[in-house]
Amino acid sequence: MDPNFVQGLHNLLLQSTSNDTNQLKAATAQLNTEYYKNPACISALAQILASSPEIAVRQLAAVEMRKRVSQKSGDLWMQLPQDVRSQIKDQLPILILAEQDKLVRHSAARVIAAAASIELTAGTWPQLLPWLHQSCTSTQVAHREVAIFILFTVLESIVEGFQEHLQSFFKLFEGLLNDPESIEVRITTVRALGVIAQYIDSDDKADIKSFQALLPGMIRILGQSIESGDEAGARQLFDVFETLLILEVPILGPHIAELASFLLQAGGNRNLDSEIRILALNALNWTVQYKKSRIQSQALAGAILEGLMPITTEPEPTDSDDDAPCRSALRIIDGLATNLPPTQVFPALRTLISQYFSSPDANNRRGAMLALGVAVEGCSEFMTPLMSHIWPVIEAGLHDGDKSVRKATCVAVSCLCEWLEEECIAKHAVLVPVIMSLVHDPETQRAACTALDALLEISQDVIEQYLQLIMEQLAGLLDTAPITVKTVVTGALGSAAHASKEKFLPYFQPTMNRLQHFLVLTGEGEETELRGIAMDAVGTFAEAVGVDVFRPYFADMMKQAFQGIEMGSARLRECSFLFFGVMARVFGEEFAPYLPSVVPPLLQSCKQAEHGEDNVATFSNTDAAVAFASGSSPTNAISITDDIDVNGNSQLEIEDVDLDKMLEVNSAIAVEKEIAADTIGTLFAATRNHFFPFVEPCALELVNLLTHYYEGIRKSATDSLLEIVRTFYELSGAPDWTPGAAVTVPLEQSVKELIGHSLKPLLEMYETEDHKTVVASLCLGLAETINKIGPAFIEGHLDVICSIAVQVLEQKALCQQDPDQDETEEAPEDQAEYDSVLISSAGDLVSSLANALGNDFAQAFNTFFPLISKYYKKNRSMSDRSSAIGCLAEIIAGMKASVTPSTEPLMDLFYRALSDPDPEVQSNACFAIGLLVEHSEIDLSPQYMHVLSALRLLFNVSPTDPSAKVNAKDNAAGAVARLIIRNTAAVPLDQVLPVLIGSLPLKNDYLENRPVFRAIFHLFRTNPQSLLPFMDQLLAVFAHVLDPSGPEQIGDETGAELIALIGILNAEDPGRIQAAGLSAFTGA
């Protein structure tokens, strides 16, 4: 080796450690041109690593040597003569053992890993593994520390070739986990096990068992690192456990209870640093999300909640972006509520809330209220019958003497309004006055405005009595309140407009005048948020007051929205995109001239690279999705190197990307993309033919987004793409399609091509889709599109679409799979409320297929009937029971007479459902029985009396009953009507008609007016005498449903037939028709 070459390289490395930028640049340029392209630089760097007296130079030599060895897949390394490579391989382990500096040792160890990834694969370094094994068991602690770190780095690089050595590794690691002298050895061993775990297959039962035997020791070492105050080591070990949690191999299964207990204990230990506690709680959150079947089967939720509640009482940071143990604890409660059956979560939580809320300590009461708020989303259905017990707690919280409890209660009210609308509206007389009083208290103002916003959003039926008071008081706050309060007040004004619709008109102009200056704010942070919320509110105003009133503001507001796009804020771009969508809905084709200016920014947003994408080409969708979705990603799911650059800073490379930091930047852009994708479909639906020039580029970009790592974007792209397909079909002017497997009404070629480009990637997305909300959205979108386009949409894809529905109903879709559950094992019947949403969406997909195929669905029905009917069982949730019966009803409506062979089991199921304890299920059962009687070719009149007896009970409804009971009564009326039409002689009209006609007019479900009026017309034609005693009642009902000032209740076809009937009745008795106020419909 030329000593001058070595010395020259050494001098340049030394120069590179200088703080002088010019020297650094000059050295870097010379190194790149004169040294680093020459294979000899590797030997020279090895000599410098072995001999330089300067630690910084040795460190830099190790870093650069690793890069040169790895360069171009080892090309430079392999250009060295074999004897030189052998010499380096022999020297490196000895050199590392002798190195005194830990950072240099670690960097040199990575050189071995880089060389090993090339040499071991080629079988040209047989001495390495035996040497590592020997050094790991050395009596010298320093040797063990170095050897296990080298082994760890080698495993990271080339674990693929080590499967046959796993058992010997497990034996070695068992001893190292118990190293008596070095916590470093123990920690690095756990990290090495974390790498190995990623390459164990589900079929490798022996390896899984061996690994599981080491888990108690791994958990113990995590505890030791926390106790010793080794935060860096603890972070590394939390990474390992978070990696184990997301693996598809059930490695952690038998130790979940132990792990959860440990994490809960660490998270609740107030003597530990907050950062460590948050790490422990985040890991527990992952445990709940990814090991929910173990949490559920071992009924761990109660114990976890008991450990979390004391943490919820700890102080909250003032900054909403700062994390704290109490916020982590609330996230886990939310996770338990949304991932587990509410039966396992809410009863235990309710007991704890009651206990904590009765405490004299305000912190306990605040924690109880926040816990209640976060649990609502996942337990809303379960909570509904318990609300009479919950409201007294809410009311007490709103009047609590401590401001923090009042604020927490406002947060809980916001959650209740979002998920339990009907229950909250029923309490408006209590909630509105007390929340308005809290709005005027500076200490609770912001939280109270947020609660008011949520309440107003759902207050359509009652807002009129409060509107003037609310508008006057909120308008004043726009002038006097702090900017953060102005933001939530502006949002509340938007909700008031949304709820009050045209009644907002008197307040529109003065409110617009007050908001004008918010729309031109240019500051960052709070000003950006206020400007964005003001833009959202103005869009809501436009929808409330309508096109003509808003038109004078339209052009100027569009100008403000375009300015928002140019301000460099993802949040303002998002608000502008939302505004474009609202304006397109309000103005329809009048919006079309703006399309050339609006669509390009939307496409540009969809195409933009999120921060870090260009630099991190290998950043996988799985890593990103896991981190993005969890709300608490691993501290660093990818290993960090110990390399430093010439300035002493850590080298930023693929392996040391911090997902947390990257995703903080990504999340704002990702949400912007989500809104942009969503807006595209809205624009086409609103502007119709004018959007044609943009259909192709938009569809192509939406297809690209179907593989994005963020599930919100995949969902928006799915929804928007299918909306484009539906709108394009509508505009093609296709004639009505005919149900059946054969396509009798072919599609226009351009529509067929669009479907071809869209449907295939959507179905491919499903194959890898692991997020339930995206699959639910896909099922619903496909169902809507199939109902619109018919058999032509599913031509060539029927089997694949059917298999999606089958997999979801069997709970075997990828997004439903749980590695801890045996494949042959049935999924538990008691499931999270969110899981019911997915099952219901699959039911909608099946019913759309029945609608499109008609009689040809008969064979498929034999497959789907048992899959759907199993969801009607007493221990299933109300949502499951209701959607099962409703889905079967819709299927019957689609397949009509071909349902006949299954009449008996269906009738038995529906008859049982008529006596279900829940009115929503009863309502669907009425609908289903009516359709079965109508379409089955089997005469069901022998069962009429049993059915009528069961239906009779549903007509007993009082004015104070919930809407679900009124709905059931309307559907019972529809069912009776269908029985009359099918076989009038089998119905005791003298007993039935007083009840049926007495239930009219229908109050909720106007669709049931169709069978009801068909029955009335049928009786007028075939048995008019039966209706004579009810003529005055019927004429009053006719006047009600035809009233042009009321909502549309009967549809054009039924309306025309009713008016014809009124004409006939007028000819017989004009005085009676005039007295009923129906003369306007006689043509006289």
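Biologist: Is Arg688 buried, partly exposed or exposed?

Modeller: This is a predicted model, in which local features need pLDDT of at least 70, side-chain atom pairs count only at pLDDT 80 or more, and totals for chains, interfaces and linings use all residues. Residues are numbered from 1 along each chain as its sequence is written, and side-chain values use heavy atoms, with hydrogens and water left out. Buried means under 20% relative accessible area, exposed over 50%, and partly exposed in between (1.4 Å probe, protein chains only). Arg688 has 23% relative accessibility, so Arg688 counts as partly exposed.

Biologist: Where does Arg688 lie, and what is its phi?

Modeller: Helices are DSSP runs of H or I with at least four residues, and strands are runs of E with at least two, numbered from the N terminus. Arg688 lies in the loop between α33 (659-687) and α34 (692-705). Most residues other than glycine have a negative phi. Arg688 is a residue other than glycine with a positive phi, near 55°.

Biologist: What is the phi of Lys501?

Modeller: Lys501 lies in the loop between α26 (483-500) and α27 (505-515). Its relative accessible area is 33%, so Lys501 is partly exposed. Lys501 is not a glycine, yet its phi is positive, at about 50°.

Biologist: Which residues does a cis peptide bond join?

Modeller: Most peptide bonds are trans. The cis bond has an omega of about -5°, and its proline lies in the loop between α47 (989-998) and α48 (1009-1022). The residues joined are Leu1000 and Pro1001.

Biologist: What are the centre distance and plane angle of the pair Phe5 and Tyr35?

Modeller: Rings of Phe, Tyr and Trp (its six-membered ring) pair if their centres lie within 6.5 Å; planes under 30 degrees apart count as stacked, over 60 as edge-to-face and the rest as tilted. Phe5 is in helix α1 (residues 3-16) and Tyr35 in helix α2 (residues 21-35), 30 residues apart. Phe5 is buried at 15% relative accessible area, and Tyr35 is buried at 9%. The pair is tilted, with 4.8 Å centre to centre and 45° between the planes.

Biologist: Which residue lies over the face of Tyr36?

Modeller: A charge sits over a ring if NZ of Lys or CZ of Arg is within 6 Å of the ring centre and within 35 degrees of the ring normal. Here the distance from the ring centre is 4.0 Å, and the residue is Arg68.

Biologist: Which residues does Phe262 touch, not counting those up to four places away in sequence?

Modeller: Phe262 is in helix α13 (residues 256-268) and is buried, with a relative accessible area of 15%. Contact means heavy atoms within 4.5 Å. The residues touched are Ile219, Leu222, Gly223 and Ile226.

Biologist: What do the buried residues of α43 pack against?

Modeller: Those residues are Thr903, Leu906, Met907, Leu909, Phe910, Ala913 and Leu914. They cover an arc of only 165° around the axis, taken from the directions from the helix axis to the C-beta atoms, which puts them on the same side of α43. They pack against α41 (858-869), α42 (878-895), α44 (919-935) and α45 (944-952).

Biologist: How far apart are the end C-alpha atoms of α43?

Modeller: The expected span of a helix is 1.5 Å times one less than its number of residues. For the twelve residues of α43 (residues 903-914) that should give 16 Å. The model agrees, since the end C-alpha atoms are apart by 16 Å.
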